[in-house]
Amino acid sequence: MLDNRLTEEELEELSRFRLIPEPKQVDLRFSAEDIMNEHTIRPILKKIKERIEAPNFLVTASILMKRYAFLPVIYLYAFTKWDKILMIDPKHIYIEDAEKNGIWLPEFRFESIHIKTFPADSRELYRKEAFTELFRNHIYKVITILHQETKVSKIVLWENMSVYLFWMYELLMEEEPDVSEQAYSDYQYIFQQAEGAVFGAYKKNPLTSFNSEKVRIEEYDAMIRIRKTCCYSYMLLKDSESAHCKTCPVKCKLLKSQMKKEAKV
């Protein structure tokens with residue numbers, strides 16, 4: 001059934017994922033529809049490139065996808081925790097300029113938030129429908145046009161999104177014991193069970209290969225799921241992301257190699 005709002009408490013909870021209720025005075029604002037349109041995507045990329053001081057459009061597209069990953073985080077968090085499907089019409093979703101500690105971290109604003117709820121005994125059926133709406137009908141379109149415009153690898157873009165989905169589901173499983181089983185089920189569905197068609201024109205699930213085991217990286221004193229691809233953040237000159245990310249496949253391989261050498265001495 002359709003409802004037209006989340007509760008105030010739910011909206012506040014989603015604000016941790018950069019959801020904002022009202023527009024701000026910003027120089028850079030664009031809709032989700034704008035970045036799916038071949039006629040408007042290039043000017044947007046140009047503005048973002050200047051904003052983040054990226055060396056080229058390939059890096060710009062990759063960083064944009066890393067930031068855009070918070071839209072699926074918002075959507076999936078609402079689905080998994082509250083069994084609520086957000087209506088994500090690209091015409092009514094806005095990405096608004098913002099930064100934190102010198103890093104470009106845009107925020108998301110829905111012109112109006114509408115949701116759909118469903119019977120508990122039909123959850124698996126609605127899950128496939130909801131995830132297909134998100135991935136195939138929304139994210140796949142963004143990834144496709146970014147690839148067409150900049151030649152950035154689609155695999156890089158899918159992984160840019162995936163790392164934040166890993167983080168969000170691990171957060172739910174650790175912090176929300178009441179929904180941990182449900183969170184694990186949705187996590188497994190996205191990364192293992194869903195067929196390729198849920199994500200777009202794919203015969204196989206494009207996210208499965210990213211679901212690797214974490215390994216211990218001593219320098220970070222943490223268990224890290226090492227990326228399969230590089231997101232190019234190290235190529236930025238403007239902010240602290242100019243260093244390699246903690247999950248960087250290049251940096252982690254160097255660290256592991258260094259540890260092996262030191263162990264032999």
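What percentage of the 265 residues of the protein count as buried? In this predicted model, the proportion is 50%. The secondary structure of the protein comprises 8 helices and 10 strands.

The largest nonpolar core contains 76 residues. Within this core, the residues that touch the most other members are Tyr68, Leu76, Leu86, Phe131, Phe135 and Trp158. For Leu86, once neighbours within four places in sequence are set aside, the contacts are with Leu6, Ile74, Tyr75, Ala78, Phe110, Ile113, His114 and Ile115.

Helix H3 takes part in two helix pairs considered here, one with H5 and one with H2. Helix H3, residues 57-68, packs against helix H5, residues 123-150, with the axes 9 Å apart and at an angle of about 170 degrees. Because this angle is over 145 degrees, H3 is roughly antiparallel to H5. The crossing of H3 past H5 is right-handed. On the H3 side, the contact is formed by Phe57, Leu58, Ala61, Leu64, Met65 and Tyr68; the H5 side contributes His138, Ile139, Val142, Ile143, Leu146 and Thr150. By class, 10 of the residues in this contact are nonpolar and 2 are polar, with no charged residue. Tyr68, a member of this contact, is also one of the core residues that touch the most other members.

The arrangement of H3 with helix H2, residues 41-52, is described by axes that come within 9 Å and cross at roughly 90 degrees. The two helices are therefore roughly perpendicular to each other. From H2, Arg42, Leu45, Lys46, Ile48, Lys49 and Ile52 meet Phe57, Thr60, Ala61, Ile63 and Leu64 of H3. The contact of H2 with H3 has 7 nonpolar, 1 polar and 3 charged residues. Phe57, Ala61 and Leu64 of H3 meet residues of H2, and these three residues also meet residues of H5.

Ala69 is placed in the loop between H3 and helix H4, residues 70-82. Its relative accessibility is 0%, so Ala69 counts as buried, the limit being under 20%. Apart from residues up to four places away in sequence, Ala69 touches Asn160, Met161 and Tyr164. Ala69 and Phe17 are separated by 52 residues in sequence, and their C-alpha atoms are 9.9 Å apart in space.

Notes
Residues numbered from 1 in each chain as written. Predicted model: local features only at pLDDT ≥ 70, side-chain atom pairs only at ≥ 80, totals over all residues. Heavy atoms only, no water. Core = buried A, V, L, I, M, F, W, Y, C linked by side-chain atoms within 4.5 Å. Buried < 20%, exposed > 50% of the residue type's maximum accessible area, 1.4 Å probe, protein only. Contact = heavy atoms within 4.5 Å. Axes fitted to C-alpha atoms, helices over the stretch in contact; angles between N-to-C directions. Helix = DSSP H or I, 4+ residues; strand = E, 2+ residues; numbered from the N terminus. Parallel < 35°, antiparallel > 145°, perpendicular 65-115°, else oblique. Left-handed = near helix turned anticlockwise from the far one by under 90°. Nonpolar A, V, L, I, M, F, W, Y, C, P; charged D, E, K, R; others polar.
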